[in-house]
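Student: I would like a close look at a single part of this model, with its surroundings described step by step.

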Amino acid sequence: MRLTEDFDREEFDCKDGTVVPSELMLNVTVLAENLQKLRDYLDRPVRVNSAYRTPTHNENVGGVDGSYHTYAMAADISAQDTTPEEVYCAIKHLIARGGTDGMQDGGLGYYGPDGHIHYDIGNVRRWTKPVGLAVPVCPLPEEEDEVTQEELDKLNARLDEVEGFNEGLVVLLRQLKEKREKEQAFHDRIGALMGGIYTGHNMHSEIIVNHEGRIVKQDEELDEVQALLEEEE
Ligand SMILES: [Zn+2]
């Protein structure tokens, strides 16, 4: 029986052959829906090693008494061609993301570089087994609304047309702010341009653009600065 696009209920049945009981179908469906988000994000098959357990089977495999596995709310998983660290970090990222593309916060357990990842839709908990194991250090997720190369080329082409501080540059900077652009070469260029302009007008470039090229002042202030510069011309 299909639960989501890529997960069948059979994958969540107890390893002793017991089918997920009907009264736990809602639980296992929500669990599968969350795992589907992970599967979509990784774009790789996610293997469910152990999900629902009867209380007896749970005891036999040394599970914690009353484990979320016995409520069909937990799954021990791994993903194809993906390290446990990467799976762990992907789940953390998706929990942080929240919303319709994110995962529900719950239990997240790391069982070492050769182990599985436990995820459940129960209370919010984090742990490692063995206790004291260093948790994976997750890289900061990349910006998901980065400008495309095409947009970047367009912005750069506009910069070519810009001579000094003028309307065009203000528009560019607004676009830049909107896009939360991070591409370094482009920032260097903006920074150099802004620095040059402000030096020329005896002002400090940090008023508008910080060292990362991020705009640190509001548009109204950009307008004010522009008006000032126009007066001086
Ligand atoms: Zn587990």
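Which residues does Ile77 touch, not counting residues up to four places away in sequence?

Tutor: The model is a predicted one. Ile77 touches Leu35, Val46, Arg47, Val48, Asn49, Val87, His116, Ile117 and Tyr119, with residues up to four places away in sequence left out.

Strand β2 covers residues 74-79. The sheet is open, has 5 strands in the order β1-β2-β4-β3-β5, and its pairing is mixed. At the edges are β1 (46-50) and β5 (125-128), each of which pairs on one side only. From one strand to the next the twist averages 25°. Between β2 and β4 (residues 117-120) there are 4 bridges, and the two strands run antiparallel. Within this pair, Asp76 stands opposite His118 of β4.

A helix also belongs to the picture. Helix α3 (residues 84-97) packs on the sheet and touches β2, β3 (107-110) and β4. The direction of α3 makes about 20° with that of β4. This helix has 14 residues and reaches 20 Å from its first C-alpha to its last, close to the 20 Å expected at 1.5 Å a residue. Its buried residues are Val87, Tyr88, Ala90, Ile91 and Leu94. These cover an arc of only 160° around the axis, so they sit on the same side of α3. Their cover includes α1, β2, β3 and β4. Val87, one of the buried residues of α3, is also among the residues that Ile77 touches. After α3 comes Gly98, with a positive phi near 60°.

Of its 233 residues, 23% count as buried. Among contacts with a separation of 6 or more, 59% are between residues 24 or more positions apart.

Conventions: Residues are numbered from 1 along each chain as its sequence is written. This is a predicted model: local features need pLDDT of at least 70, side-chain atom pairs count only at pLDDT 80 or more; totals for chains, interfaces and linings use all residues. A residue is buried if 20 or more other C-beta atoms lie within 10 Å of its own, exposed if 12 or fewer, and partly exposed in between; C-beta atoms are placed from the backbone. Two residues are in contact if their C-beta atoms, placed from the backbone, lie within 7 Å. Two strands pair if DSSP finds at least two bridges between them. Axes are lines fitted to C-alpha atoms, for helices over the stretch in contact, and angles run from 0 to 180 degrees between N-to-C directions. The expected span of a helix is 1.5 Å times one less than its number of residues. The arc is that of the directions from the helix axis to the C-beta atoms.
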